[in-house]
Amino acid sequence: RRKPAGGDDETLSQPLLSEDADSADAPREPSAGADDDASPPFDLLGALHEFFLRLFASLGLCQRTPPPLTEAQKLRLARLARRVDVPYDATNVDHARQLRELWSLTFPDREDALPRDPDGSESLKHEGWKSMGWQGVDPATDFRSGGLLSLQNLVWLAKNRRETYDSLLKKKNGTRSAWEYPFAAAGVNVTFALVDLLELRATKAVSSGAGVVLGDDAHVRSSELSTRLAVAPRAPAAVAFLDMLDPGSNEEEDDERETRETRVAKKSSKKHADPDVAFERLYVCFWEVFDNEWLDQKASYMEFSSVMESTKERVRLALEKAGKQRGGCTLEGVRDALGLDAMDA
């Protein structure tokens, strides 16, 4: 018979489902975590539900359920979250060095125009910053919303997409407004908008040593970094971007269905799939769309905010669309959804 209160803990931990379960031979409800070979009907239905969700999502008929993050995604997401969390510090020698590098890349013929103080510290105030699109003679005051990452994005753009950088800086495309957007300050806003779209601030990095930019941390175990993430992105566009942090993470489920042409296209696209610069490549896309939107709307400075919002919406939709494609979101899929030409390697 059933033991009274104070008896077997295992028995007492289970709800009394029936008063007829007095026989010692009567089956007991399995305890939580018990190893049971028989799959309950609702588990089977859940598996079928998940299968069809993945199938429909691969065909672009619905949003796919966010899969668990891979170790590579956790690692790169942690790196991005840490970079987002670093404010620009004018007293930091390394931050000042990066700002000086931006000047040198933008004005190679005026590289020595920024003097150094006698004690070796940086003196970066200069009227020339205004011609780059900063609001004053000291860009340090403009980094509040974008932090150090916005400066690093501009430097990356100048180094790696020089033609795009010059075109945006010098407003080479289309018929321009008499009151144009300031390039550098707009770049800070592009970083801010993209970070918000990808939910990188919600993905907060809880780390020691605030203000230290994560550099080459190959020696750090991914598990150590991934534990610093408080919240993973949940919005469809942000989830789609995760594919770009680990290209090929969705290939296994599609291998049986992909054609030879798909495999060839996938192989060709991998040259653009460097996951360590996925954010920077998407940053370029955002910039190109922003400038196109500016021209299409015949905007002037007063419409800056509305153009930024419409650009953000277009990029959001493009990420969601690319995320529904077989094999997941890729740079090529995003650019195609945005109507942009393929990016050169």
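1. Overall pattern. Read along the sequence, the chain runs α-α-α-α-α-α-α-α-α-α-α-α-α-α. That is 14 helices and zero strands. Keep in mind that this is a predicted model. The chain has 345 residues, and 40% of them count as buried. Take the contacts between residues at least 6 apart in sequence: 70% of these join residues at least 24 apart.

2. An enclosed helix. Start with α10, residues 236-245. Nine of its ten residues are buried, so α10 is largely enclosed by the rest of the structure. The buried residues are A237, A238, V239, A240, F241, L242, D243, M244 and L245. Note that D243 is on that list, and that Asp counts as charged. What do the buried residues of α10 pack against? They pack against α3 (71-84), α8, α12, α13 and α14.

3. A278 lies in helix α12. At 2% relative accessibility, A278 counts as buried. Set aside its neighbours within four places in sequence, and A278 is in contact with F241, M244 and L245. R76 is 202 residues away along the chain, yet the two C-alpha atoms are separated by 9.7 Å.

4. Helix α12 beside helix α14. These helices span residues 278-296 and 331-338. Their axes come within 11 Å and cross at roughly 5°. That angle makes α12 roughly parallel to α14, because angles under 35 degrees count that way. On the α12 side, the contact is made by R281, L282, C285, E288 and V289. On the α14 side, it is made by L331, V334, R335 and L338. Sorted by type, the contact has six nonpolar residues, no polar ones and three charged ones. An α-helix has 3.6 residues a turn, so residues three or four places apart point the same way.

5. Helix α13 against helix α14. Helix α13 covers residues 304-323. Its axis and that of α14 come within 8 Å and cross at roughly 130°. The two helices are therefore oblique to each other. The crossing is right-handed. From α13, the residues in the contact are R314, V315, A318, L319, K321 and A322. They meet G333, V334, A337 and L338 of α14. By type, seven are nonpolar, one is polar and two are charged. Two residues deserve a second look. V334 and L338 of α14 take part here, and V334 and L338 also take part in the contact with α12.

6. Helix α4 and helix α6. Now look at residues 93-106 and 147-160. The axes of α4 and α6 come within 10 Å and cross at roughly 35°. The crossing is left-handed. From α4 come H95, Q98, L99, E101, L102 and L105. From α6 come L148, L151, Q152, L154, V155, A158 and K159. The residues of this contact divide into eight nonpolar, three polar and two charged.

7. Cysteines. How many disulfides does the structure hold? It holds zero. C285 is in no disulfide, and the nearest cysteine sulfur is that of C329, 9.7 Å away. That distance is too far for a bond, because a disulfide needs the sulfur atoms within 2.5 Å. Are these two cysteines buried or exposed? C285 is buried, with a relative accessible area of 0%. C329 is buried too, at 4%. Remember that C285 is one of the α12 residues in the contact with α14.

8. Two backbone angles to check. E199 has a phi near 55°, a positive value in a residue other than glycine. Where is E199 found? It is in the loop between α8 (183-197) and α9 (222-226). E199 is partly exposed, with a relative accessible area of 22%. K298 also has a positive phi, about 50°, although it is not a glycine. K298 lies in the loop between α12 and α13. At 73% relative accessibility, K298 counts as exposed.

Note on methods: Residues are numbered from 1 along each chain as its sequence is written. This is a predicted model: local features need pLDDT of at least 70, side-chain atom pairs count only at pLDDT 80 or more; totals for chains, interfaces and linings use all residues. Side-chain values use heavy atoms; hydrogens and water are left out. Axes are lines fitted to C-alpha atoms, for helices over the stretch in contact, and angles run from 0 to 180 degrees between N-to-C directions. Helices (H or I, at least four residues) and strands (E, at least two) are DSSP runs, numbered from the N terminus. Angles under 35 degrees count as roughly parallel, over 145 as roughly antiparallel, 65 to 115 as roughly perpendicular and the rest as oblique. Contact means heavy atoms within 4.5 Å. A crossing is left-handed if the near helix is turned anticlockwise from the far one by less than a right angle, and right-handed if clockwise. Buried means under 20% relative accessible area, exposed over 50%, partly exposed in between (1.4 Å probe, protein chains only).
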